[in-house]
Amino acid sequence: MLRYANPTRFLSLSRPLVPWLGTLALALLAGGLFLGLRVPPDYQQGETVRVMFIHVPAAWTAMMAYGLMAVASLVGLVWRHPLADQAAKAAAPLGALFTALGLVTGAIWGAPMWGTWWVWDGRLTSFLLLFFLYLGYIALWNAIEDETRAARAAAILALIGAVNLPVIEFSVDWWATLHQGESILRKGGPLISAVYLWPLFLMALGYTFAFFTLWLMRIETEILTRRARSLMMSAGEA
Amino acid sequence: MRDYALYVWAAYGISFAGIAAAAALTWAGLARARAALEKLK
């Protein structure tokens with residue numbers, strides 16, 4: 001693993017991977033879209049069940065992105081490796097995007113099904129907090145000029161914020177929420193019919209691969225920007 | 001698709017527009033970084 005902590009080695013692996021991951025993401029999203037728009041309406045939710053196929057993957061990807069950002073931040077803090085900091089930094093805007101998509105699609109589903117766009121229940125509030133954590137993390141990186149100090153401060157925020165991940169996950173068990181309980185990844189199997197699981201599964205994989213494609217591209221951007229900055233600084237010193 | 005069609009299409013439209021915009025911005029950022037580094041070499 002540490003072998004690939006070298007930026008040049010990392011790029012030699014990530015560059016050929018990106019087109020494959022991107023193609024796979026597009027194929028999975030197309031498959032998920034095709035199935036998702038063809039399944040019959042749910043007997044309770046009607047047509048709005050289709051919103052689940054994009055809402056749940058967005059929420060999962062948002063949490064996965066934060067988990068990866070927190071792990072990269074920990075590696076950056078412990079081993080002081082710039083690549084880990086860059087990986088964490090690169091994940092944040094993508095995580096914020098998927099969190100925003102999860103919030104917006106959830107509200108769009110909630111309006112016809114719950115009769116309200118928003119409630120301050122445990123799941124929704126902790127998920128909104130995730131969005132603010134992403135924004136705070138991005139703001140912190142931009143607020144501190146010295147990159148090493150910025151990385152350290154942002155990493156500490158990312159690690160503190162990671163406490164929110166189990167809160168989001170178990171909020172539906174800990175508190176009485178309007179948001180339904182765990183219905184897919186649960187003991188005893190999913191509560192959802194297989195006909196709805198397939199588009200959900202394809203979309204979830206599509207979102208995951210889309211995230212990894214964009215993440216690798218953003219890490220490369222960070223590496224190249226850092227190299228350009230070093231070259232400019234050494235040219236300035238000469 | 002008549003019932004709540006607007007909600008479904010709005011959710012799909014926003015989601016795919018968001019992902020497409022992120023892909024375009026990421027690609028543009030990478031292209032810019034590559035060009036900037038190339039210029040300095």
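Begin with the salt bridges between chain A and chain B of this predicted model: the count is one. Select E220(A) and R34(B), the two residues that form the salt bridge, and display their side chains; the closest N and O atoms are 2.9 Å apart.

At least two residues each come from α1 (7-36), α2, α3 and α7 of chain A. Which of these elements gives the most to the side of chain A that touches chain B? Select α7(A), which supplies 13 residues. Coloured by class, this side of chain A shows 23 nonpolar, four polar and six charged residues.

Now show the whole interface. In chain A, 33 residues are in contact with 25 residues of chain B. About 2600 Å² is buried between the chains, and carbon and sulfur atoms give 83% of that area. Select E47(A), I108(A) and M217(A): together they supply 18% of the area that chain A buries against chain B, more than any other three residues.

Finally, turn to the largest pocket, whose volume is about 970 Å³. To find its centre, select M52(A), V56(A), H179(A), Q180(A) and S183(A), which lie nearest to it among the 37 lining residues. Two or more lining residues come from each of α2 (49-79), α3 (82-114), α4 (122-143), α6 (164-174) and α7 (194-237) of chain A. Highlight α2(A), for its eight residues form the largest share of the lining. By class, the lining comprises 23 nonpolar, ten polar and four charged residues.

Methods:
Residues are numbered from 1 along each chain as its sequence is written. Chains are lettered from A and ligands numbered from 1 in the order in which they are written. This is a predicted model: local features need pLDDT of at least 70, side-chain atom pairs count only at pLDDT 80 or more; totals for chains, interfaces and linings use all residues. Side-chain values use heavy atoms; hydrogens and water are left out. On a 1 Å grid over the protein atoms alone, a cavity is a set of points where a 1.4 Å probe fits but cannot get out, and a pocket is an open set with protein on both sides within 12 Å along at least five of seven lines; lining residues have an atom within 4 Å of a point. Grid points are joined across faces, edges and corners, and a volume is the space filled by probe spheres set on the points. Helices (H or I, at least four residues) and strands (E, at least two) are DSSP runs, numbered from the N terminus. Ala, Val, Leu, Ile, Met, Phe, Trp, Tyr, Cys and Pro count as nonpolar, Asp, Glu, Lys and Arg as charged, and the others, Gly among them, as polar. Contact means heavy atoms within 4.5 Å. Buried area is the accessible area (1.4 Å probe) that two parts lose on being put together, summed over both. A salt bridge is a side-chain nitrogen of Lys or Arg within 4 Å of a carboxyl oxygen of Asp or Glu.
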